[in-house]
Amino acid sequence: MDLLGALFEADDYSIARQVLQRGVAAIFLVAFLSTANQFPALLGDHGLLPVRDWVSRLRFRDAPSLFHWRYSDRMLRVLAWGGVLVAATLVAGLPQLGPPWLPMLAFLLLWAGYLSVVNVGQTFYSFGWESLLLEAGFVVAFLGSNEVAPPLTIIVFVRWLVFRLEFGAGMIKMRGGPEWRDLTAMFYHHETQPMPNPVSSFVHRLPAWFHRGEVLGNHVAQLVVPFFLFAPQPVASVAAAVLALTQLWLVATGNFAWLNWITIVLVFAAVDDRAFRTVFPFLPGGAGEPSAVLPAISPSWFVVLVLAVTLLLVVLSFWPARNLVARRQLMNASFNRYHLVNAYGAFGTVTKERYEIVVEGSSAEDPGDETAWRAYEFHGKPGDPARPPRQFAPYHLRLDWLMWFLALGVRDTRWFEMFLVRLLEGDRPTLRMLRVNPFPDAPPRFVRARLFRYRFATRAERSATGDWWVRTPAGFYVRPVALPGGPRA
């Protein structure tokens, strides 16, 4: 192997490249699909927080987006479905069959398109996994195609991304609430997490020693194992397997959009081809089989471009690296307008009790008639106590997530005020985002929002009533309100 091959080309990570490119593209597909389905109702021309109003107060250089030039719901849908199409070709591996600039161009189109969405998405796109997807999409764009070997610098940088993601989350927890240090966080988490799934209630009822083991295992996985991603093989592959297994546990017990799935994809940057073939001996090119045709030497333009991008990413790493050791560590922070090389972390504190806001409507002339109130039901968040939690991840239910934050007492409630207005207007795009609209024929005269404390039903309670949740009233979040002049047909 010549000097270029030794320092730049990672021939033994060809399978990892396939997983990284196709996996990240699959997450982009889900993200653009979610955008096509939800963005117009949330942020469109008649949305809860219209993009037109937002960009009129924001400079392009502060938040680059195509929608500074022009916004329409049709243009948004063209962008979103175009993203779905480009992502689908990458999942199928078609651009990877061409020259190295072809998958690069496809990923950069996905990155630029989704950046345009995130930078005008306001609170509905303020989640850490939006930045994670943008950073991952930009980085894997420079992995090249099947014609060249994967660049070693990009493979290593993806590991650095996983390190920041995991170690940053671990440090956020150690610097956060005492429940992480006394190993009691999981006594509450499965019940109070944003969107439990069907397994959450079962795991919540497991004994205390198991939950303490969950927290201890989390600390080892996030504070110790990430360092071994940079160790020689096969240690790095083992570290990646440990991280993937911990993420699969989170997938099995909750709904965190695509956070866990993209993390699982990214850890494969530490798994070499030998480790893959050890676990999956049926893969081609293993021991005793004819060697596959080696990729051509990387063209000079590709080498120069990848090294320049790597240098840029290393420079941008200063701020998140400093954040990892800062006393006041930032959580899910971007240090530049392009969402490259970010800081990550979540759940520095765990909520001990679960509160839910239940939105109700009434068509009675008297809002004091309690028999006339009917509840709107959301797809993912708890509502009807008899309805079991569902699995939605990696799909992102943005409205449901913000309802969870709303019950925690967030200050920015403009979107919720407009949500209540849209219910009183009978706005169809808004109503399509809900699972149950109890007023299909005409909008209600009044709406209100009540606060309830929710907890999982015990085995005995569930056996007696069939309910998954037990809830108790905790007052009003919004007392009955109506449109001026009454309901609109």
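Which residues line the largest cavity? In this predicted model, where residues are numbered from 1 along each chain as its sequence is written, local features need pLDDT of at least 70, side-chain atom pairs count only at pLDDT 80 or more, and totals for chains, interfaces and linings use all residues. Side-chain values use heavy atoms, with hydrogens and water left out. The largest cavity is lined by Pro196, Gly380, Lys381, Pro382, Gly383, Asp384, Arg387, Pro388, Pro389 and Trp469.

**Cavities**
- On a 1 Å grid over the protein atoms alone, a cavity is a set of points where a 1.4 Å probe fits but cannot get out, and lining residues have an atom within 4 Å of a point.
- There are five cavities of 30 Å³ or more, and the largest cavity holds about 70 Å³ of space, a volume being the space filled by probe spheres set on grid points that are joined across faces, edges and corners.
- The lining of the largest cavity has five nonpolar, two polar and three charged residues, where Ala, Val, Leu, Ile, Met, Phe, Trp, Tyr, Cys and Pro count as nonpolar, Asp, Glu, Lys and Arg as charged, and the others, Gly among them, as polar.

**The largest pocket**
- The largest pocket (an open set of points with protein on both sides within 12 Å along at least five of seven lines) has a volume of about 1100 Å³.
- Of the 48 residues lining the largest pocket, Phe256, Leu259, Gly345, Ala346 and Phe347 are the closest to its centre.
- At least two lining residues come from each of helices H6 (128-140), H7 (152-174), H11 (208-223), H12 (235-253), H13 (259-267) and H17 (398-408), helices being DSSP runs (H or I) of at least four residues, numbered from the N terminus.
- This lining comprises 27 nonpolar, 17 polar and four charged residues.

**Helix packing**
- The axes of helix H2 (residues 14-43) and H6 come within 10 Å and cross at roughly 140°, with axes fitted to C-alpha atoms over the stretch in contact and angles running from 0 to 180 degrees between N-to-C directions.
- H17 and helix H18 (residues 414-425) pack at an angle of about 120°, with their axes 11 Å apart.
- Leu399, Leu402, Met403 and Leu406 of H17 meet Trp415, Phe416 and Phe419 of H18, and this contact has seven nonpolar, no polar and no charged residues.

Methods: Contact means heavy atoms within 4.5 Å.
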